[in-house]
Amino acid sequence: MENIPNNSISTLINHIFFHLTGFECKDQSIIRVNNEKLSVNGDLYFLPSLKLWKTVLLDKLNCNENCTNILQHCADIRHNELKQTEKINTNEKVFQSLILASKTWNLQITKCTLQNERVCLFLGRPSVIKTIINTVIQKGRSFGRNASTNENICLTFLPDEQSELTSMRLQLIKNISERILDLQGYCVCKKVCPNAIMLSSKSHIETTEDSKRYVCGVVKNSETNTKETTLTWRRYIYNKMETIIELNDQKYLHTKKQDINNDPFIRNMAEATISFELLAIKPSRPVCINIQTSGDRSLTNTKGIPFILYNTARIAAIIKKYNEGISNGEYPELTNIEAVDFSVLDDEDEWELIYNFIMGYSQAIENSIRHKPTFQICPQVICMFLSRLCQKFSIYYRRIKILTEGYKHLYSKLIARIYMLKALEIILQNTLAIFNIESVSEM
């Protein structure tokens with residue numbers, strides 16, 4: 001998608017690609033994003049083999065016959081600007097030119113290395129952190145929304161006559177796809193338009209000339225491994241609510257036992273859990289559900305909605321306690337974000353939270369529905385994004401004491417961390433809204 005924010009990783013990849021090749025980037029897969037061990041492996045990397053790059057560019061590269069990798073090609077096309085540099089090897093010349101060029105980009109590169117046949121790129125963390133956190137807090141609920149593409153699209157679904165749960169899965173896929181497309185800048189039509197997609201569990205259905213068929217997997221009973229045709233949506237929600245009640249004494253929930261149907265919190269939790277469960281598997285594949293409440297792990301694992309909402313509430317509680325502490329002098333007031341020293345966020349987990357999830361949010365939205373080479377709906381990308389974010393934050397929270405009352409020498413770090421939490425809270429709220437799930441401030 002060309003319609004992407006200037007401070008997104010996609011934009012950075014486009015800049016790098018153009019600098020190395022002289023061509024606009026049509027396939028970003030050649031430059032990969034790292035997710036872990038970033039201080040060692042870099043934030044991004046690519047393989048320099050010229051053969052790979054020619055494949056991506058469909059042999060458009062007109063290289064000097066001595067070129068064997070993309071760095072040599074870059075040195076060749078940028079000969080005039082690189083000949084002014086000191087007498088160093090070609091790789092270092094290209095690395096220096098890339099670092100220099102990035103000074104005009106929103107996200108700057110500060111180091112390049114060649115490790116095990118990979119070119120590893122390292123970003124300037126303090127400036128990147130300040131830019132992205134400032135942007136998220138300013139934009140709030142609109143962060144991640146692209147400008148209009150001026151393209152229309154319409155999604156419909158054909159209910160499964162045999163399985164109510166499969167029909168509900170089709171509707172959930174349609175609903176979340178519409179929200180993602182809206183964020184990507186598409187105009188989602190309620191009436192059938194020329195660019196129409198029909199979701200169905202059947203591979204053979206009649207469609208109009210303008211409509212394309214998109215086949216989705218059915219909901220299966222995990223015990224029989226066949227399509228679940230007897231369990232209704234209402235009954236499945238009730239079963240899930242019963243399981244939630246049984247877990248009242250465990251770490252997620254602390255409400256008193258009462259009539260299940262009269263508790264909107266528990267009903268909302270059950271519906272959210274089921275929605276996440278049905279969307280966490282690639283739409284083209286079937287989803288297997290356990291209809292026996294005794295074997296239901298969707299409420300206790302670290303990938304499900306309760307764990308996600310628990311960590312969302314945890315962040316809200318920290319921010320609330322900080323705000324309350326300002327009034328009684330426990331904590332300093334937040335300084336203007338422009339004056340904050342974000343270089344104090346030097347913990348590796350902090351950078352991974354910011355890089356993978358605050359910066360990575362726009363990329364997750366982009367990857368959730370792919371338009372080229374074929375149209376693909378991928379809500380499981382957003383599910384995994386949410387799960388990984390909360391797993392990483394949970395690890396960070398257990399290891400780091402964020403609120404440090406009485407330690408004035410740590411106030412600059414406290415303020416930077418509060419801004420980071422505010423940005424994370426916005427990312428969580430925006431991502432949950434894609435699922436039509438409301439964020440919570442306490443659990």
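This is a predicted model: local features need pLDDT of at least 70, side-chain atom pairs count only at pLDDT 80 or more; totals for chains, interfaces and linings use all residues.
A polar contact is a pair of N or O atoms within 3.5 Å. Setting aside residues up to four places away in sequence, R78 touches F18 and H19. R78 sits in the loop between α4 (70-77) and α5 (79-82). Is R78 buried or exposed? Its relative accessible area is 16%, and buried means under 20%, so R78 counts as buried.

C67 has a relative accessible area of 12% and is buried, while C74 is buried with a relative accessibility of 0%. A disulfide is a covalent bond between the sulfur atoms of two cysteines. How many disulfides does the count give? The count comes to zero, the rule being that two cysteine sulfur atoms must lie within 2.5 Å.

Attention now turns to charged side chains. Side chains of opposite charge can pair when their charged atoms come close. Across the whole structure, the search finds 13 salt bridges. One of the salt bridges joins K174 and E178, with the closest N and O atoms 3.0 Å apart. These two residues are four places apart in helix α8 (residues 164-183), so about one helical turn separates K174 from E178. An α-helix has 3.6 residues a turn, so residues three or four places apart point the same way. Both K174 and E178 are buried.

Other pairs reach between helices. K240 and E277 form a salt bridge whose closest N and O atoms are 3.6 Å apart. Because K240 belongs to helix α9 (residues 233-246) and E277 to helix α10, this pair ties together parts that are 37 residues apart in sequence. Both K240 and E277 are buried. Helix α10 (residues 264-279) also holds I266, which is buried with a relative accessible area of 1%. The C-alpha atom of I266 is 9.2 Å from that of E242, although the two residues are 24 places apart along the chain.

E352 and K392 also meet through their side chains, in a salt bridge of 3.0 Å from N to O. This pair links distant parts of the chain, with E352 in helix α12 (residues 348-358) and K392 in helix α14 (residues 379-399), 40 residues apart. E352 has a relative accessibility of 8% and counts as buried; K392, with a relative accessible area of 16%, is buried too. Both residues belong to a network of salt bridges that links D347, D349, E352, K392 and R399.

Which residues of α6 are buried? They are V94, F95, S97, L98 and A101. Seen down the axis of α6, these buried residues fall within an arc of 165°, which means that they line one face of the helix. At the start of α6, a side-chain oxygen of N89 reaches to within 3.1 Å of the backbone nitrogen of N91.

How values were computed: Residues are numbered from 1 along each chain as its sequence is written. Side-chain values use heavy atoms; hydrogens and water are left out. Buried means under 20% relative accessible area, exposed over 50%, partly exposed in between (1.4 Å probe, protein chains only). Contact means heavy atoms within 4.5 Å. A salt bridge is a side-chain nitrogen of Lys or Arg within 4 Å of a carboxyl oxygen of Asp or Glu. The arc is that of the directions from the helix axis to the C-beta atoms. A polar contact is a pair of N or O atoms within 3.5 Å; within protein, one must be able to donate a hydrogen and the other to accept it, and residues adjacent in sequence count only if both atoms are side-chain atoms.
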